[in-house]
Amino acid sequence: MKKIFYLITILILLLYSNAYAMDNNQLLDMRNKFFDESKDIKALLRSSKNIVLLNNMWDACIVTITQLDAYFFMMGIFDAVNKDKWNEEAVTYLELWLTKIKSTDEVNLKSLGLFPPDLEAGVLRHAQKLEGYFTDLNDMIDENLSTISKLKTSVKRNK
């Protein structure tokens, strides 16, 4: 009986912590694109001659997914806090986390740009897809940073 109670409690907490992710469909959709792409890349690992490059691309997808998941959980935690009690440190932390994700994306974009042009067609196709995804994600992060900047200004004014 205790196991069932704990399982239900954990499930409720997980669903509640993902509430922001439901509100922020763009980032959630992007996270899902990276997840789907990582599955496609993983399937290519067995048959490709460019295993090292594919492995790097797969790693980049997984790191991005993990960073976005962490952001969603942070937003869930901050959304649970009364809006009147938000402080500048919390908002700054979110801002820094998004900036870190963007910085990681920039590194991934640079590494994708260094791939030799004579890659297998499938590997090249996935590399180009990932370039588009990372660019789109950076644009979405810029939008979120703009929103967080407004929130930070509001928090400063309410001090």
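## His 126

His 126 is buried, at a relative accessible area of 3%. The cut-off for buried is under 20%. The model is predicted.

The residue sits in helix α6, which spans residues 121-157. Leaving aside residues up to four places away in sequence, His 126 touches Glu 37, Asp 40, Ile 41, Leu 44 and Met 57.

## Phe 34 and Phe 134

The structure has three aromatic pairs. One of them joins Phe 34 and Phe 134, with ring centres 4.9 Å apart. Their planes meet at 45 degrees, so the pair counts as tilted.

Phe 34 is buried, with a relative accessible area of 0%. Phe 134 is buried too, at 0%.

## Tyr 71 and Phe 72

Tyr 71 and Phe 72 form another aromatic pair. Its geometry is tilted: 6.4 Å from centre to centre, with 50 degrees between the planes. The pairing limit is 6.5 Å between centres.

Tyr 71 is buried, with 1% relative accessible area. Phe 72 also counts as buried, at 2%.

## Aromatic cluster

Together with Tyr 133 they make up one aromatic cluster.

Technical notes:
Residues are numbered from 1 along each chain as its sequence is written. This is a predicted model: local features need pLDDT of at least 70, side-chain atom pairs count only at pLDDT 80 or more; totals for chains, interfaces and linings use all residues. Side-chain values use heavy atoms; hydrogens and water are left out. Helices (H or I, at least four residues) and strands (E, at least two) are DSSP runs, numbered from the N terminus. Buried means under 20% relative accessible area, exposed over 50%, partly exposed in between (1.4 Å probe, protein chains only). Contact means heavy atoms within 4.5 Å. Rings of Phe, Tyr and Trp (its six-membered ring) pair if their centres lie within 6.5 Å; planes under 30 degrees apart count as stacked, over 60 as edge-to-face and the rest as tilted.
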